[in-house]
Amino acid sequence: MKNWTRALLVAVLLMGCTAAASADSFFEQLQADALIGTGIDQYHRANYREALGTFDQAMRLAPFDVEARYDRGLVLYALGEYKDAASEFAQCLKQQSDFVPALFNLGVTDIALGDLVSARTIFMRIVADHPSSVRANFDLGLSHYLDGQPDQAAKDFAVAALLHPQYVQAHYDRALAEYRTGNLVAANMEANAALKLNAGYAKAYFLLGAIDLRQGNSGSARSMFQQAQRLASDPVLKSLCTQIIQQIGA
Amino acid sequence: MRLRAAIAAGLALIALASASTFAGPPRGATPARASSLSALQLADQALSSIVGPDDEGSYRLIDPIGPGGVNTLAAANEVYASHMLGGQYSMWGVEDPFAQPNGPPAQQQVPPLPYGLPRNRLR
């Protein structure tokens, strides 16, 4: 009888401890979730330093919260701390190998780090599983372009533009890639496609000017650079256009 | 642009790779010497730097996940979508990446209107 009572007491004590521990853990997670919400709000408002502090607090309470880690990675990227951001996204993938947003963001961070082989591998992996992913195709194109493969990049951007015809950057980047491969006809077509979507795209006018110069149409080139100069908000680009127009006129 | 460092490194490679197709700017050319370059050389130099490729701007990363952000499924859908999706949190008052810029075209800023309207806003 005594043994029974003792056993019962131990069981009740153990249950109490477990309940208390899980209640603690529940409230810690609740607190961590509230901090994540605050951190996301700070991120949206571009208060990145504050957001980083908030996510640090959240992760002290819930060190295995993969979403808090992912969001912390976004903040680190926004702060330009690409190595740390990559490390956070990689850690997310270690915790949860099918966490695709972290995989994608790791690819983007790899581009920022100049690790173009790794970036390409990631985007190719996503495209292999999801061929109609416009973002993966576009970023695969960027990785190829930045790695000195404009011919391959042109194909990737073409897929992105085909999937989402209103995607201005895909048209412009394809035009640039085609220009690099020497396919001036395709470059011209794509730069014009970008301008149809955004008539104020100074860079597209600039590229059309360069195409005209290559084709020996200096009159048309001059007019394109004048348009680019008028539309450009970047003073360096404006000044470059002025110099080029002067050179054409000479 | 946050990719400037990567773009500069990549474009240096492109300039080398495409040297046989296009005569690039002379080695060591600097803006101070720009006036000695031809119009085409100046243009090519710019296309390898400030007029280089564009990315998705502020929306190059997938949205944050959690309270006030998107859920994991919506974030995965951003990756898989055949249309550009991003800035899903615009209901919290954050800039809408798909909104038309104000003012006439001449007033528009570079980079341009990002991706066009997402499907659900075309209805």
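**Packing and confidence in the predicted complex**

Colleague: Which residues does Gln95(A) touch, leaving aside those up to four places away in sequence?

Modeller: This is a predicted model, and local features are taken from residues with pLDDT of at least 70. Gln95(A) belongs to helix α4 (residues 82-95) of chain A. Beyond residues up to four places away in sequence, the residues touched by Gln95(A) are Phe64(A) and Val66(A).

Colleague: How many residues apart along the chain are Gln95(A) and Phe64(A), and what separates their C-alpha atoms?

Modeller: Gln95(A) is in contact with Phe64(A). The two are 31 residues apart along the chain, yet the separation of their C-alpha atoms is 8.1 Å.

Colleague: Is Gln95(A) buried, partly exposed or exposed?

Modeller: A residue is buried with 20 or more C-beta neighbours within 10 Å and exposed with 12 or fewer. Gln95(A) has 14 such neighbours inside 10 Å, so the class is partly exposed.

Colleague: Where does Ala46(A) lie, and is this residue buried or exposed?

Modeller: Ala46(A) sits in the loop between α1 (2-44) and α2 (48-61) of chain A. Its phi is near 65°, a positive value in a residue other than glycine. Because Ala46(A) has 12 C-beta neighbours inside 10 Å, the class is exposed.

Colleague: Which residues touch the most other members of the largest nonpolar core?

Modeller: This core holds 101 residues. Helix α11 (residues 202-214) of chain A supplies the largest share, nine residues. The residues that touch the most other members are Phe206(A) and Leu207(A).

Colleague: Which residues of chain B does Leu207(A) touch?

Modeller: Residues up to four places away in sequence are not counted here. In chain A, Leu207(A) touches Ala175(A), Leu176(A), Tyr179(A), Ala187(A) and Ala191(A). In chain B, the residues touched by Leu207(A) are Leu47(B) and Val51(B).

Colleague: Are α9(A) and α11(A) roughly parallel or roughly antiparallel?

Modeller: Helix α9 (residues 168-181) of chain A packs on α11(A) with axes 11 Å apart, in a left-handed crossing. Among the residues that meet are Tyr172(A) and Leu176(A) in α9(A), and Leu207(A) and Ile211(A) in α11(A). Since the angle is about 20° and angles under 35 degrees count as roughly parallel, the arrangement of α9(A) and α11(A) is therefore roughly parallel.

Colleague: Is α8(A) roughly parallel or roughly antiparallel to α9(A)?

Modeller: Helix α8 (residues 150-163) of chain A and α9(A) have axes 8 Å apart and pack at an angle of about 155°. Angles over 145 degrees count as roughly antiparallel, so α8(A) is, relative to α9(A), roughly antiparallel.

Colleague: Which element of chain B has the highest mean pLDDT?

Modeller: Chain B comprises four helices and zero strands. Its average pLDDT is 60, and 39% of the residues score at least 70. Helix α4 (residues 119-122) of chain B has the lowest mean, 31, while the highest, 93, belongs to helix α2 (residues 39-47) of chain B.

Colleague: Over which residues of chain B is the pLDDT below 50?

Modeller: Where pLDDT is low, the predicted coordinates should not be read in detail. One such stretch has 31 contacts in the model beyond near neighbours in sequence, and another has 63. In chain B, these stretches are residues 9-34 and residues 89-123.

Colleague: What ipTM does the predictor give the complex?

Modeller: The predictor reports two values for the complex. The pTM is 0.77, and the ipTM is 0.83.

Conventions
Residues numbered from 1 in each chain as written. Chains lettered and ligands numbered in written order. Predicted model: local features only at pLDDT ≥ 70, side-chain atom pairs only at ≥ 80, totals over all residues. pLDDT = per-residue confidence, 0-100. Helix = DSSP H or I, 4+ residues; strand = E, 2+ residues; numbered from the N terminus. Contact = placed C-beta atoms within 7 Å. Core = buried A, V, L, I, M, F, W, Y, C linked by C-beta atoms within 7 Å. Axes fitted to C-alpha atoms, helices over the stretch in contact; angles between N-to-C directions. Parallel < 35°, antiparallel > 145°, perpendicular 65-115°, else oblique. Left-handed = near helix turned anticlockwise from the far one by under 90°.
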